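Reader: Could you take me through the reading of strands, their pairing and their burial in a model of this kind?
Author: Gladly; let us look at the structure together and begin with a strand.

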Amino acid sequence: MLKINNLSKAFADYPVLSALNWEVPDGKVFGLIGSNGAGKSTLMRCISQVYDYDGDISLDGAPIADRKEKLFFVSDEPFYFNRFNTSEMRDYYRIFYPDFDQEYYRHLLELFHFDEKKPLHLLSRGLKRQSIIILALSCKPRLILMDESFDGLDPMVRLTLKRELIKLVDAGETSVIISSHNIRELEDICDEMALLEKKQIAFTQSLEDLRQNYHKVQLGYSQAPAAEVFEKMPVLSYEINNKVVTVVYHGDAARQEIEATEPILFNPLPLSMEEIFVVEMEVSQNEK
Amino acid sequence: MKSKGYLQHLLKQYRAIVILYFAISIIVYPVSLLLQSLSREDWWGFDYSPISLAVMMVVLGAVTPFIVFSFIYDKTKMDTYFALPLARERLFLIHFFFSWLIQIIPALVSNFLAFLIANTITPAEMLKYAGPYSFSKFLVWSGILVLGSLILQLPSMLAILCTTNLFNGFVYALVLHLVPITIQGVWTSSATDYFGYTPSQSFGDFSLTNLEFHSIYVMSSSQDTAGKYLPALAVWFLIALALLALSSRLFKGHKVERTNTAYMVKGFYPAVIAIYGTLLMLLMLNNSFNEIFLYSERPFFLNNVFISIFLFGFVVLFIVEIIRYHGLPKIGRTILFYLAIFAVALGLSFFLNTTVQNRLMKAMPPRDKVAKIELTSADYQYNDEHRQKEIFVYPFGYVTNYSQVTVEAEEDIDKVMHIHREMVDNWLRLDLSARTHESMASYNNPQLRLVYLDSSGHRLLTRSYSVFSLRHRQDLEAVSGIDLINPGEGDPESDW
């Protein structure tokens, strides 16, 4: 289990993360989302020991600095040595990761139809990402951190990767944290989502819970309602269009208050994960 | 295992650089030695010492860390390097060690090939001037190459770790590499112009030559006097160890997020500018010290040279600040910074040119250690027929017309030391205009060199004087039994 306790990080005098606490259980694929500048990449770099920080980060009870061979960080920019190919990069990572699985590496190459001998500088950005992801998975770490590493992957590769990640997570104790702006992409891959806002993890929930607890309804009234009515309600967002009001809410209390306004129409609408996080981020930012 | 594997990886990553270094090392030394040996030209003054290799290593020592540690200026690369399961100190040491190895192995191979060539192919006649390339010489030079290349990469290392982009890194590395030579320049400019000063055997009593270390110096000095380079090497090796420890600490605390921003280590820029700026100002003030403080008719702050130096230094600092801040700096802060630098330089210049010089002038070896004193008087005349008995005497250089005697009787030693002390005291009592006149008169007064030796023959102190006082001349001639030679009186044997 990854455990972050009271993590703070500031650049010059500007705090980016402040007293952040977070626990990532084993065998999960976590999606980490947040607005621009929320600190997703900074959090990733603190966990992977690229940045110094205040606070404690531990993996399986030991300081993460002592467990780095169980951790693999995939940066947003693919890293490779000049004129090296994937096979040579494999040799590089094998120096540091004693659990590197050669057979699994071969399996992934076949699965992705990847040519390990092609120099990386000749590959597209997407293929370079594939290369580093193959290497990361082959190192068999306990924790894989992917900083916007899925951007630029084609849908087929993403699907294949998703299946592999699920297999890897199910088979052992590997956990994966993926940060992205693209919530739609994360929705395909992750079990749980975490929102990073206001320098802290605002909430974490499983996708199932999110889908069950967040609702979007279209309400119809005989007369146009006053905005103050919804202003006082614990709803996440509302939009009044004459006699029709669209509301996004969370939990039973909000539902009861909405029903108390006696709408003549109560029409549930589909709610995407992206919409959930957009309203959550708006709420979080308005609270600032 | 990790370290070994990583070194192998680095070798693969930088194989092109390694091949290039081997090629350059072999071309500049053994190949050139081989070509010279085969051509059998330039026999007179033929020199097989690895000076060319040393020059190359000065350049490689400055540049190689920038190649091997280039990832420091790249945030993406740092994401990977610092996330690796390898402690930062170990990562640093592996890269540093690798940077050193790729310089030193080609250099040692070259040195060995040159040793073989000098002992097998080079004609014996060509080796008359420099002597045979013995195995002990080979070992000494190899040792100097090993230590020299270790030391020479540390200024660049420090600059890399304290800066956030390649341009700044190069500039600061250049400045840091120049610091030892500049200190040496400052010292010689402030301590080579006093009554009694004697170069070549100078500083026997107060050595700051230890501050000079670059392999060219060491290489050249190691040929002449066995062991002369050892203090310099030892001092700089200790400094190198301190810089290595500091670099390792800086690497461990390296802030990746500051890459390509204004600074990495907050006080680095002002510290380097303050140190190097002070040295340069000191150098300029020392070189014009007499003109500003002694021979000027106006107060020093109204002296043209002083004002020129003051303004020149400010303009240079202002330009440096503009480059540093990519625009106009805060003028008040720049002025204060400059005034602080200038005040320190002025104070140090005054101290070196008065207090230190006076101490050097008055220096006398402890009486109980003096076993004999060698007195030499010479003039500038040189006669090829007498070449076999030539000696070097300051200020004339190599001369053949000289008188030399060594006094050993306790009573004579006391007398010579007494006269020596009186000559210095008399000089210090002279007013400045008289000093100027007298100091110009070395060709019109008898010249005397005094070398104090201990019981094992080691030099304790060496000084050369123009003997102005007739009484001192007579007393010295009486105690030594030789005639002091006055170049102005001419040489009876010469046709001049």
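Reader: How many of the six residues of strand S9 (residues 192–197) of chain A are buried?
Author: A residue is buried if 20 or more other C-beta atoms, placed from the backbone, lie within 10 Å of its own, and a strand is a DSSP run of E with at least two residues, numbered from the N terminus. Five of the six residues of S9(A) are buried, so the strand is largely enclosed by the rest of the structure. This is a predicted model, in which local features need pLDDT of at least 70, side-chain atom pairs count only at pLDDT 80 or more, and totals for chains, interfaces and linings use all residues. Residues are numbered from 1 along each chain as its sequence is written, while chains are lettered from A and ligands numbered from 1 in the order in which they are written.

Reader: Which strands pair with S9(A), and in which sense?
Author: Two strands pair if DSSP finds at least two bridges between them. Strand S3 (residues 29–33) of chain A is joined to S9(A) in the parallel sense by four bridges, with A:Gly31 opposite A:Met193. Strand S10 (residues 200–206) of chain A pairs with S9(A) in the antiparallel sense over six bridges, and there A:Leu195 stands opposite A:Phe203. S9(A) and S10(A) form a hairpin with two residues between them, where A:Lys198 in the turn has a positive phi of about 55°.

Reader: In what order do the four strands of the open sheet in chain A stand?
Author: The order is S2-S1-S4-S5, with antiparallel pairing. Strands S2 (14–24) and S5 (62–63) of chain A each have a single partner strand, so one side of each is left without a neighbour in the sheet.

Conventions:
A residue is buried if 20 or more other C-beta atoms lie within 10 Å of its own, exposed if 12 or fewer, and partly exposed in between; C-beta atoms are placed from the backbone.
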